[in-house]
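Here is a short report on a structure with its sequence. Read it with the model open beside you.

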Amino acid sequence: MIKIKIKCFSQVKYALGKKELVLELESGTTTQEVEKLIRKKANRNLDIVSLSVAVNKKYISKSLVLNDGDEVAFIPPVQGG
Amino acid sequence: MIITPQELQKWVNEGKSFTAIDIRPKEMRIESPLSKLEPVIANTKSIPSINNDLVLICQFGIVTEGIIYEKELKNAYSLLGGAQAWNEFQLAKEDFSRWSRQTVLSEIGLEGQKRLMKAKIVIVGMGGLGCPAAQSLMAAGIGKLKIVDGDTVELSNLHRQPLYGAEDIGRMKVEVAKEKLERLNGDAIVEIEDLYLNKDNGYNIINGSDIVIDATDNISTRILIDQFSKELGVPMVYGGLFQYEGQIGVFNVNGCKGYSDLFPVSQSDQDNCAKTGMLGMLPGIIGNIQALETIKLIVGITPNLAGKLLMYDGMNHSTQTIML
């Protein structure tokens, strides 16, 4: 098992009602799988929202396998003012 | 009281009687002697009592203001911008004293200020982000600002767009903004484009500028700005908002990623502030960070947000920076 921290921004925070959460996952879990889990937790509130992902404060363009202690940020695009 | 180099030069030209007092340390006086003045030498602790108007001069005009205040000197003026601004005025006949509080910063200095005064900045969107960004850039002495927006002022804009008032409702935003911005710095040039940036006009709007500030309220225009920014090699300073949160990034500079690399999936209709709500302070903060990053890029100050995304949460004032 691995423990990872999820950082939620804008619509993700709004949909989950939390800025951070900690998940215990099977070893070998990928960012793509975590994203699916987050979307499921959001009860369809993120269905039309695309999410960019950063692991340990570095943007990633492709899914990767997570390690114990990783911090994963889900960042939606936002509009303006 | 303060006196600018230009005003002091007028005193000199008119033959007005005054005594200049140089309170700088010896090494500073030797390194940059006061041009065309014959000052009395003093120090910060002992200002001579002379029955004449005194002009106190330090290196940047800050110490002397403090001395006049503390000693309650009635007949004394602090030379704004100090020896730095005076000598530059003698050399180039340009008075930089107005910006002395920022030229005193070693990262800016007179050279940085000159770069700012030659810079051409485009701001796309004169709403919640564009208003504060434009105000701060004008106040900082940016030479040329092109502001782009096809919208008119509405009542619901006023809480977060401080360039506009109730009397401006119904007028084109760029026209009102130009009037207000020119009051901040009459020497700057403010060009207006009373239209929305689109795929047909974007190239010409951004072409020839040093930086484009993305202050739009929608993602589709942002994607266009990113495309033209890449194509023209004009760095893009991005700002985005969601309720109490903001994002700022500097894209397409020195091989850094662009907006579309970070957010590759286009979304034509996400929540904007009309749908989600927002306090006016948030765009004020984010728009000012965009202006700050713009100044840093023009002057060449590092570190900056090139190749990074800064996320600010106004609820608990936390930030997180993501490397792109």
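## Where the two chains meet

In this predicted model, 16 residues of chain A are in contact with 32 residues of chain B. Two residues are in contact if their C-beta atoms, placed from the backbone, lie within 7 Å. Three elements of chain A each supply at least two residues of the side that touches chain B: α1 (10–16), β3 (52–55) and β4 (58–60). Helices (H or I, at least four residues) and strands (E, at least two) are DSSP runs, numbered from the N terminus. By class, this side of chain A has 6 nonpolar, 7 polar and 3 charged residues. Ala, Val, Leu, Ile, Met, Phe, Trp, Tyr, Cys and Pro count as nonpolar; Asp, Glu, Lys and Arg count as charged; the others, Gly among them, count as polar.

Residues are numbered from 1 along each chain as its sequence is written, while chains are lettered from A and ligands numbered from 1 in the order in which they are written. Because the model is predicted, local features need pLDDT of at least 70 and side-chain atom pairs count only at pLDDT 80 or more, whereas totals for chains, interfaces and linings use all residues.

## Two residues in contact across the chains

S10(A) lies in helix α1 of chain A. S10(A) counts as buried, with 27 C-beta neighbours inside 10 Å. A residue is buried if 20 or more other C-beta atoms lie within 10 Å of its own, exposed if 12 or fewer, and partly exposed in between; C-beta atoms are placed from the backbone. S10(A) is not a glycine, yet its phi is positive, about 35 degrees. Most residues other than glycine have a negative phi.

Now cross to chain B. E245(B) lies in strand β11 (residues 245–251). E245(B) is buried, with 22 other C-beta atoms within 10 Å. Which residues is E245(B) in contact with, leaving aside its neighbours within four places in sequence? They are F9(A) and S10(A) from chain A, and M311(B), Y312(B), D313(B) and G314(B) from chain B.

Look at helix α2 (residues 31–41) of chain A. T31(A), V34(A) and I38(A) in α2(A) are buried. Seen down the axis of α2(A), its buried residues fall within an arc of 60 degrees, so they line one face of the helix. The arc is that of the directions from the helix axis to the C-beta atoms. Those buried residues pack against β1 (2–8), α1, β3, β4 and β5 (71–75) of chain A.

The face turned away from the buried side carries the exposed residues Q32(A), K36(A) and K40(A). Just after α2(A), N43(A) takes a positive phi of about 50 degrees.

## Chain B as a whole

Chain B has 13 helices and 13 strands. Its C-alpha trace spans about 70 × 45 × 40 Å along its principal axes. Of its 324 residues, 47% count as buried. Take the contacts in chain B with a separation of 6 or more: residues 24 or more positions apart account for 63% of them.

## Two helix pairs in chain B

Start with α6 (residues 109–118) and α13 (residues 281–299) of chain B. Their axes come within 9 Å and cross at roughly 110 degrees. Axes are lines fitted to C-alpha atoms, for helices over the stretch in contact, and angles run from 0 to 180 degrees between N-to-C directions. α6(B) and α13(B) are therefore roughly perpendicular to each other. Angles under 35 degrees count as roughly parallel, over 145 as roughly antiparallel, 65 to 115 as roughly perpendicular and the rest as oblique. G112(B), R115(B) and L116(B) of α6(B) make the contact with I295(B), I298(B) and V299(B) of α13(B).

Next come α7 (residues 130–140) and α8 (residues 173–184) of chain B, which pack at an angle of about 30 degrees with their axes 8 Å apart. α7(B) and α8(B) are therefore roughly parallel to each other. A134(B), Q135(B), M138(B) and A139(B) of α7(B) meet A177(B), L181(B) and L184(B) of α8(B). By class, this contact has 6 nonpolar, 1 polar and no charged residues.

## Backbone details in chain B

Most peptide bonds are trans. The peptide bond from T302(B) to P303(B) is cis, with omega near 0 degrees. P303(B) has its place in the loop between α13 and β12 (308–313) of chain B.
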